[in-house]
Amino acid sequence: MAHAELESKWGYVSPGGILRYPEEPPFPVKEYDAHYDHIFEMMEELEAKGEILIHRITEEYQPIPVYTRTGRIKLIPTNKLWHHKSCGQCGNIPGYPASIFWFMNKFGLDYLNEPHQTSCTAWNYYGFGISNPVALATIWLRNMHQAWKTGYYPLIHCGTSFGSYKEIRRQLIMNKELRDAVKPILKKLGRLTEDGRIVIPQEIVHYSEWVHAMRYRIKELYEKEGKAKKIDVSNVKVAIHNASHTYKMIADDYPYDPEVYNGQRPAASTAVIKALGAQVVDYSTWYDCCGFGFRHILTEREFTRSMAIQRKLKVIAEEVKADVIITHDTGCTTTLEKSQWIGKAHGMYYPVAVMPDVMFAALACGAHPFKVVQLYWNFSHYEPLLEKMGITNWRELKKEWEDAVKYISELEKAGKYDELMEFFKEYDLYEPYSKTSTGKPRASATADIPLFES
Amino acid sequence: MDEHNYGYNLSISEKTKMVPWEEKVRVVEEVKSDFRFKEYLFGCLNCGVCTASCPSNKFFDFSPREIVQRFLENDVEVLYDMMHEYIWACSQCFTCWIRCPFGNNPGGLVAIMREVAVRNAFEATKELLKPYGRVLLKVMTTGNQLSADMLQPDLFPDWGPKMADIMEDLKAKRLAIPFDIGKSVKTAWEVSLETIIELYTIWRETGIFEMLEKLDPNLYNVIMDIVEENEERYQKLYEGEE
Ligand code: SF4
Ligand code: SF4
């Protein structure tokens with residue numbers, strides 16, 4: 001749907017205040033004009049007082065409006081995005097960010113993926129309690145300031161970061177003592193505006209919201225390029241697993257849509273799967289979390305796998321026999337994908353493909369399953385899914401990736417870095433080394449990077 | 001049934017019984033004085049919706065309703081006791097928060113209780129957090145919580161044989177990730193030196209290094225060595241620039 005059409009459909013008017021509603025609630029909403037929504041008015045007040053600066057979602061970010069469950073209009077910026085990466089994704093599911101970059105390239109969108117970002121460190125906090133709200137808030141604001149300074153809008157890849165940042169923002173807006181605590185530290189870091197204000201983004205935006213907002217363009221790409229490769233997802237049965245930290249934390253700040261259970265369940269991920277024409281199948285424990293538990297995935301693994309197998313994998317296998325479980329977060333993907341094998345030991349093996357919405361969508365649109373979607377790192381039973389989608393040449397495609405790894409390995413071991421860089425120019429989705437926002441010479445926090453110094 | 005003022009069905013450990021009453025009051029008050037406390041606890045219907053939908057309740061002797069009730073009753077003895085092991089069963093999924101008809105956030109209360117337990121460096125907390133040394137080392141020194149080299153097969157035998165396969169020629173496989181700053185092995189993505197220096201300042205200014213020193217002095221020393229080394233590197237590289 002074109003942007004102008006969406007504007008007229010949703011009654012979205014810009015510019016103006018950042019708290020907006022359509023004239024009519026689009027579906028039975030939970031508490032229209034909800035308590036949480038008023039933090040947006042409070043943000044405007046704090047800006048008027050000169051305490052904060054709102055990083056506004058202006059036209060250059062090509063926003064698309066979505067609804068929250070209170071009927072509020074949330075603007076999702078779709079262009080000129082600053083990638084706030086996820087450590088769990090980049091570390092263990094690299095096809096996750098790669099698929100996001102691939103889509104952005106396909107749509108000709110501008111973005112910045114630079115090394116001047118830390119993790120949110122919230123996994124550490126939720127898991128082990130080692131941090132505090134002042135540290136979490138300062139880390140968030142440092143990252144947000146960096147994005148604002150570059151002129152790009154922050155897109156949060158990780159569900160944990162997204163949930164944590166939404167909560168921190170609410171705390172920060174509601175509590176002067178927290179603002180007073182972070183300000184001197186930000187000042188020391190040079191992370192306030194020139195006139196001493198804290199930079200706060202108008203909306204905290206998760207990548208799944210971007211995928212949701214872009215679903216019709218993704219559908220167009222699928223129709224044009226995916227189908228040309230004989231990919232067809234219409235017979236694929238999809239079970240959706242929404243992440244707790246996206247929709248249960250600060251629940252009034254996540255998309256809902258009349259197309260998805262008439263606005264009674266979170267819309268992101270489900271809506272893009274529906275737009276692609278796959279079959280969304282419902283199961284009784286859709287509401288349950290995956291069992292990740294932050295510390296549990298590391299040291300309470302009996303809990304994690306019990307929850308994953310008994311409350312998700314088994315139920316999905318028995319009730320709906322899905323071909324794939326679609327996730328939209330790092331921890332859930334890891335848990336549901338890596339808890340399958342051990343089920344064999346308990347006579348509870350329920351093999352099924354598990355991957356996030358954006359990886360599935362990229363496959364549907366014809367992305368290379370291994371070079372782009374990086375399925376090599378995926379522990380789930382994804383091969384039957386590829387077959388069912390019509391990607392029957394996956395063995396050859398896997399071989400292509402293995403050959404690339406072999407070639408890279410040989411060049412790296414022989415110290416042929418120039419050739420390697422040439423190779424990456426073609427291979428990489430994001431032009432290496434060229435685009436970062438500081439002029440400083442490249443230096444990293446660990447000894448084995450820059451790339452080839454180990 | 002153990003004797004204490006209110007707790008109806010939760011037993012109190014012998015250790016907690018030995019702790020002076022004033023100390024228990026101090027710790028519980030530390031939780032209650034957190035600025036988030038008033039945003040996380042309102043009334044309680046005792047409806048049990050939170051516990052019924054709590055994943056940890058399904059597999060542990062753990063109930064968010066109990067936590068909420070104990071706070072409302074100000075059952076210092078039980079709350080203090082809960083802060084040693086009980087609270088660590090919570091998965092921090094916040095299902096309780098979205099479902100509670102009163103808008104209580106039992107998971108949030110647990111987060112505050114955990115933070116206070118860490119700050120007070122309880123022996124039980126120290127023991128419980130020992131296995132996370134690697135994660136802490138990573139996040140404190142590099143600004144990334146996870147990296148490809150952390151998933152060693154011997155630490156995750158229940159994830160199956162693919163773990164070992166992944167570790168083979170890991171560096172080349174990481175280089176085959178199609179964006180430059182995602183190719184690193186020791187971090188999830190390449191974090192720039194100037195960025196990590198800012199994070200060290202945040203840890204210092206917000207008392208997180210101190211928190212760690214109390215909890216695990218050995219780990220703290222290792223971390224500070226790396227921090228100082230990186231700070232020196234930074235000074236040498238960018239001397240005179242700022
Ligand atoms: S946040 Fe903790 S207490 Fe609340 S539902 Fe999740 S596991 Fe249970
Ligand atoms: S859901 Fe809320 S009201 Fe019901 S028992 Fe739990 S805390 Fe109390």
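Ala, Val, Leu, Ile, Met, Phe, Trp, Tyr, Cys and Pro are counted here as nonpolar, Asp, Glu, Lys and Arg as charged, and the others, Gly among them, as polar. The structure is a predicted model, in which local features need pLDDT of at least 70 and side-chain atom pairs count only at pLDDT 80 or more, whereas totals for chains, interfaces and linings use all residues. Residues are numbered from 1 along each chain as its sequence is written, chains are lettered from A and ligands numbered from 1 in the order in which they are written, and side-chain values rest on heavy atoms, with hydrogens and water left out.

On these terms, the shell around ligand 2 divides into 8 nonpolar, 3 polar and 1 charged residues. A residue is taken as near a molecule if one of its heavy atoms lies within 4 Å of it, and the residues around ligand 2 include Cys44(B), Cys47(B), Cys50(B), Arg65(B) and Cys100(B). Helix 4 (49–52) and helix 6 (64–73) of chain B each supply at least two residues of this shell, helices being DSSP runs of H or I with at least four residues and strands runs of E with at least two, numbered from the N terminus. Ligand 1 is surrounded by 13 residues, of which Cys54(B), Cys90(B), Cys93(B), Phe94(B) and Cys96(B) are the closest. The shell of ligand 1 comprises 8 nonpolar and 5 polar residues but no charged ones, and helix 5 (55–59) and helix 8 (95–99) of chain B each contribute at least two of its residues.

In chain A, the domain assignment, which is automatic or taken from a database, gives domain 1 (26–208) and domain 2 (230–396). The contact between them (heavy atoms within 4.5 Å) takes 46 residues from domain 1 of chain A and 40 residues from domain 2 of chain A, and the C-alpha centres of these two domains lie 25 Å apart. The area buried between the domains, that is, the accessible area (1.4 Å probe) lost on putting the two parts together, summed over both, is about 3500 Å², with carbon and sulfur atoms giving 66%. On the side of domain 1 of chain A, Arg69(A), Trp102(A) and Trp123(A) lose the most area to domain 2 of chain A, together 17% of what that side buries.

Between domain 1 and domain 2 of chain A, 4 salt bridges are counted, each being a side-chain nitrogen of Lys or Arg within 4 Å of a carboxyl oxygen of Asp or Glu. Asp253(A) forms a salt bridge with Arg72(A), in which the closest N and O atoms are 3.1 Å apart.
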